[in-house]
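Please examine the sequence and the three-dimensional structure shown below.

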Amino acid sequence: TENDLLIEEYEMLRNRVNWQPFSRRQSRTALQNSLFVLCARRKDGTPVGMGRIVGDGATVCYVQDLIVLPECRRMHVGTELMHRLEAFVQGDETMRLCLMCALGREAFYESCGFLARPTSELGPGMIRWLKAEK
């Protein structure tokens with residue numbers, strides 16, 4: 001389903017894969033500010049996976065929070081999510097589609113056409129966690 005993921009569902013999916021928890025405000029803002037949110041659901045409506053697109057929508061977009069519950073992996077849920085996320089971004093102009101890969105998931109993203117960095121032309125991706133000041 002598109003753009004209908006509830007905050008509670010987002011938090012549940014992140015929690016089930018042991019990702020960094022965020023405040024309710026952060027979760028709400030993250031979903032609201034996404035360009036596109038995609039959710040894979042069981043027939044009963046229960047979420048089993050999700051992904052979202054963030055970015056400027058013109059020159060660069062990022063796949064963010066691609067999650068598939070452990071019991072639903074190797075069932076092509078992640079691949080289908082990636083195809084639909086890419087289709088949302090694909091257009092008539094060149095667009096960079098980037099992501100930060102979770103450790104151990106490199107082969108999956110390479111199978112989706114992503115290039116691991118660094119390369120001879122591109123430096124490594126980098127991250128910095130900014131902690132709240134007390």
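The account that follows moves from the overall fold to the nonpolar core and then to individual helices.

The structure is a predicted model, in which local features need pLDDT of at least 70 and side-chain atom pairs count only at pLDDT 80 or more, while totals for chains, interfaces and linings use all residues. Residues are numbered from 1 along each chain as its sequence is written, and side-chain values use heavy atoms, with hydrogens and water left out.

The protein contains four helices and four strands; helices (H or I, at least four residues) and strands (E, at least two) are DSSP runs numbered from the N terminus. In sequence order, these elements give the pattern α-α-β-β-β-α-β-α. The C-alpha trace spans about 45 × 45 × 30 Å along its principal axes. For 134 residues, a compact globule would have a radius of gyration near 14 Å, and the 15 Å of the protein agrees with this. That radius is taken over C-alpha atoms, and the globule rule is 2.2 Å times the number of residues to the power 0.38.

Of the 134 residues, 31% are buried. Buried means under 20% relative accessible area, exposed over 50%, and partly exposed in between (1.4 Å probe, protein chains only). The protein exposes about 9400 Å², of which carbon and sulfur atoms supply 51%; the areas come from the Shrake-Rupley method with a 1.4 Å probe, and for residues only the protein chains shown count as cover. Among contacts (heavy atoms within 4.5 Å) between residues at least 6 apart in sequence, 52% join residues at least 24 apart.

In soluble globular proteins, nonpolar side chains tend to be buried together. Here the largest nonpolar core has 29 residues, and L5 and L85 are those with the most contacts inside it. Such a core is a set of buried Ala, Val, Leu, Ile, Met, Phe, Trp, Tyr and Cys residues joined through side-chain atoms within 4.5 Å. At least two residues of this core come from each of α1 (7-16), α2 (24-32), β1, β2, β3 and α3. Leaving aside neighbours within four places in sequence, L5 is in contact with Y10, L13, L31, V37, C39, R41 and M50.

Helix α2 has S27, A30 and L31 as its buried residues. They lie on the same side of α2 because they cover an arc of only 95° around the axis, the arc being that of the directions from the helix axis to the C-beta atoms. On the other side of α2, R25 and Q32 are exposed. The buried residues of α2 pack against α1, β1 and β2. One of them, S27, counts as buried at 2% relative accessibility. Not counting residues up to four places away in sequence, S27 touches I7, Y10, E11 and F22.

Helix α3 (residues 77-89) has 13 residues and reaches 19 Å from its first C-alpha to its last, close to the 18 Å expected at 1.5 Å a residue; the expected span is 1.5 Å times one less than the number of residues. The buried residues of α3 are V77, G78, L81, M82, L85 and V89. Their arc of only 130° around the axis puts them on the same side of α3, whereas H83 and A87 are exposed on the other side. The buried residues of α3 pack against β1 (36-41), β2 (47-55), β3 (60-68), β4 (96-99) and α4 (106-111). E80, also in helix α3, is partly exposed, with a relative accessible area of 45%.
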